[in-house]
Amino acid sequence: MVSAALMDTDKKTRILDAAISLFARHGFKKTSIDDVASGAQVGKGTVYLVAKSKADLFYQAVHQELRAWIAEVAGQLDPREPADRLLLECTLASSRYLETRPLVRQLLLGNYDQMAPLWVEHLNDLRQLGVENTVQILDLGVRQKIFRSDLNTRGVAKILQELHAAGMVSGYREGRTVAEEIAFARTTLDLLLNGLLAR
């Protein structure tokens with residue numbers, strides 16, 4: 001029997017790409033291993049070399065999309081830039097990316113928690129990966145003396161992720177366009193960085 005480690009990288013990529021596409025389009029319940037095998041143009045047994053179950057395949061698909069999102073946003077990080085500007089640029093880049101990546105968007109919104117209650121801890125681990133870029137920006141801002149030196153950067157990054165998710169929920173409910181979503185993100189960050197009080 002061929003192990004997943006020895007499997008052709010191209011086949012594994014095709015399987016995960018097919019899984020991402022199908023799970024994003026049809027959801028977890030309506031996507032079968034047979035669908036993924038057909039989409040990847042491999043046998044059903046080959047899919048099971050990549051993942052031991054449909055749930056495992058789903059987790060891997062979400063994980064791969066999350067890693068791609070993190071890399072996309074990390075591409076915006078330039079430590080020579082002021083951290084407050086980076087925070088805005090990364091938030092906007094994140095919003096644009098999440099607009100086209102429903103698996104990551106649904107993860108951040110917590111929509112998979114009800115679908116897979118036994119997975120909540122693993123899903124939380126994935127969400128924690130999503131705050132790493134923000135932690136780096138906040139740490140940079142502390143070093144640049146733009147942000148307070150006593151800032152709990154990991155705690156603030158988690159709050160910012162929650163606010164971003166809340167903004168996405170209200171945005172989809174209200175049918176905001178991408179431009180409106182970007183304006184919303186700018187206003188939210190302006191409020192967080194500058195507050196309400198006149199200076």
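Predicted model: local features only at pLDDT ≥ 70, side-chain atom pairs only at ≥ 80, totals over all residues.

User: At what angle do α1 and α2 cross?

Analyst: Helix α1 (residues 9-30) and helix α2 (residues 33-40) cross at roughly 140°, and their axes come within 8 Å. Helices here are DSSP runs (H or I, at least four residues), numbered from the N terminus. Axes are lines fitted to C-alpha atoms, for helices over the stretch in contact, and angles run from 0 to 180 degrees between N-to-C directions. The two helices α1 and α2 are therefore oblique to each other; angles under 35 degrees count as roughly parallel, over 145 as roughly antiparallel, 65 to 115 as roughly perpendicular and the rest as oblique.

User: Which residues of α1 and α2 meet?

Analyst: From α1, R14, I15, A18, A19, L22 and K30 meet D35, V36, G39 and A40 of α2, where contact means heavy atoms within 4.5 Å. That contact has six nonpolar, one polar and three charged residues. Ala, Val, Leu, Ile, Met, Phe, Trp, Tyr, Cys and Pro count as nonpolar, Asp, Glu, Lys and Arg as charged, and the others, Gly among them, as polar.

User: How far apart are the axes of α1 and α4?

Analyst: The axes of α1 and α4 are 9 Å apart, at an angle of about 100°. Helices α1 and α4 are therefore roughly perpendicular to each other. Among the residues that meet are I15, L16, I20 and F23 in α1 and L57, F58 and A61 in α4. Ten nonpolar, two polar and five charged residues make up the contact of α1 with α4.

User: And how do α5 and α11 cross?

Analyst: The axes of α5 and α11 come within 10 Å and cross at roughly 150°. That makes α5 roughly antiparallel to α11. Residues in this contact include L87, L88, T91 and L92 of α5 and I182, A185, L189 and L193 of α11.

User: Changing topic: how many cavities of 30 Å³ or more are there?

Analyst: The search of the whole structure finds two. On a 1 Å grid over the protein atoms alone, a cavity is a set of points where a 1.4 Å probe fits but cannot get out; a pocket is an open set with protein on both sides within 12 Å along at least five of seven lines; lining residues have an atom within 4 Å of a point. Grid points are joined across faces, edges and corners, and a volume is the space filled by probe spheres set on the points.

User: What lines the largest cavity?

Analyst: The largest cavity holds about 380 Å³ of space and is lined by 25 residues, with T91, T134, L160, Q161 and H164 nearest its centre. Its lining divides into 15 nonpolar, nine polar and one charged.

User: And the largest pocket, what lines that?

Analyst: Its lining comprises 15 residues, of which F147, L151, V156, L192 and L193 lie nearest the centre. Helices α5, α10 and α11 each give two or more residues to that lining.

Methods. Residues numbered from 1 in each chain as written. Heavy atoms only, no water.
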